[in-house]
Amino acid sequence: MANYKYMMNAGDVAKELECSKSYAYKVVRELNVELSKLGYITIAGHIPRSFWEKKMYGYRQSEK
């Protein structure tokens, strides 16, 4: 768990989706808008990994 990153940035999203970084930034912005509407504090260019996993996979992946 020492290497676990709580927040993901656009580079991490781009790797996961195998897409360009510019598209990954768009995805991060959209997810931040959704988080903001739910009442969460957001950080530009970053999203919580647990929220990403819930939105993309429907569950939280087990830690390695």
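User: What share of the contacts in the protein chain with a separation of 6 or more comes from residues 24 or more positions apart?

Analyst: This is a predicted model, in which local features need pLDDT of at least 70 and side-chain atom pairs count only at pLDDT 80 or more, while totals for chains, interfaces and linings use all residues. Residues are numbered from 1 along each chain as its sequence is written, and side-chain values use heavy atoms, with hydrogens and water left out. A contact means heavy atoms within 4.5 Å. For residues 24 or more positions apart, the share of contacts with a separation of 6 or more is 45%.

User: In what order do the elements of the protein chain run from the N terminus on?

Analyst: Helices (H or I, at least four residues) and strands (E, at least two) are DSSP runs, numbered from the N terminus. The chain has three helices and two strands. Starting at the N terminus, their order is β-α-α-β-α.

User: Is Y23 buried, partly exposed or exposed?

Analyst: Let's find Y23 first: this residue sits in helix α2, residues 21-37. Buried means under 20% relative accessible area, exposed over 50%, and partly exposed in between (1.4 Å probe, protein chains only). Y23 has a relative accessible area of 42%, so this residue is partly exposed.
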